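The sequence and the structure are shown first.

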Amino acid sequence: MKSVLVAVLLAASVFGFTARAPAAPYLPEGDGEILERLPYRVADPRMREIKRLRAGQAREPGNLNLAVSLARESIQLGRANWDPRYYGYAQAALRNWWNLPHPPTEVLVLRAILRQNRHEFKAALGDLARVLALEPRNAQAWLNQAVVLQVQGDYRAALGSCWALLQLAPELTSATCIAGALS
């Protein structure tokens with residue numbers, strides 16, 4: 001019995017089972033307080049490109065091409081790093097066009113991608129339908145529509161979007177889309 005008690009006390013000391021007062025959570029003093037700075041990787045060419053595009057957008061906030069490029073780069077970086085902050089950066093880059101009643105089609109496609117990311121599928125499909133009504137040969141819109149429809153479980157409609165890609169996108173893209181809808 002004594003050996004069991006010694007083993008329990010030894011385990012408690014090794015694994016830290018000691019009586020401790022609970023720590024109070026840290027509360028920031030204000031909304032402007034920076035809690036953490038994430039490392040900036042200077043060697044990463046994508047980060048350099050985003051920095052360059054942000055500087056360009058700061059100089060020319062009404063430049064649609066800069067905004068679209070920054071949004072695309074941010075989305076790609078968000079996907080590559082599984083980091084949702086970059087989707088927010090992409091939306092911020094498009095802020096001048098986001099709520100327009102008739103934004104440019106490039107903005108509609110990117111807005112649909114960002115809405116899809118937030119699981120706003122109905123709104124994303126609405127944006128994509130508007131794009132395809134204006135530009136029926138927009139491969140990116142067809143592909144994104146197929147993805148959203150697959151996520152929603154509407155495989156027949158997704159397959160229709162994939163078939164539209166056959167004439168518009170590389171074979172591998174079309175085949176991957178079709179295989180996903182059929183699976």
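## Helix packing and buried residues

In this predicted model, helix α3 (residues 64-81) and helix α4 (residues 85-93) have axes that come within 8 Å and cross at roughly 170 degrees. Angles over 145 degrees count as roughly antiparallel, and α3 and α4 are therefore roughly antiparallel to each other. On the α3 side, the contact is made by A67, L70, A71, S74, I75, L77, G78 and R79; α4 contributes Y86, Y87, Y89, A90 and A93. By class, the residues of this contact comprise 10 nonpolar, 2 polar and 1 charged.

Leaving aside residues up to four places away in sequence, Y86 touches M47, S74, I75, L77 and G78. The C-alpha atoms of Y86 and Q76 are separated by 8.4 Å, the two residues being 10 apart along the chain.

A further helix, α9, spans residues 155-165, and its buried residues are A158, L159, S161, C162 and L165. These residues cover an arc of only 160 degrees around the axis, which means that they lie on the same side of α9. In general, an α-helix has 3.6 residues a turn, so residues three or four places apart point the same way. The cover over the buried residues of α9 includes α8 (139-151) and α10 (171-182).

| Helix | Residues |
|---|---|
| α3 | residues 64-81 |
| α4 | residues 85-93 |
| α8 | residues 139-151 |
| α9 | residues 155-165 |
| α10 | residues 171-182 |

How values were computed:
Residues are numbered from 1 along each chain as its sequence is written. This is a predicted model: local features need pLDDT of at least 70, side-chain atom pairs count only at pLDDT 80 or more; totals for chains, interfaces and linings use all residues. Side-chain values use heavy atoms; hydrogens and water are left out. Axes are lines fitted to C-alpha atoms, for helices over the stretch in contact, and angles run from 0 to 180 degrees between N-to-C directions. Helices (H or I, at least four residues) and strands (E, at least two) are DSSP runs, numbered from the N terminus. Angles under 35 degrees count as roughly parallel, over 145 as roughly antiparallel, 65 to 115 as roughly perpendicular and the rest as oblique. Contact means heavy atoms within 4.5 Å. Ala, Val, Leu, Ile, Met, Phe, Trp, Tyr, Cys and Pro count as nonpolar, Asp, Glu, Lys and Arg as charged, and the others, Gly among them, as polar. Buried means under 20% relative accessible area, exposed over 50%, partly exposed in between (1.4 Å probe, protein chains only). The arc is that of the directions from the helix axis to the C-beta atoms.
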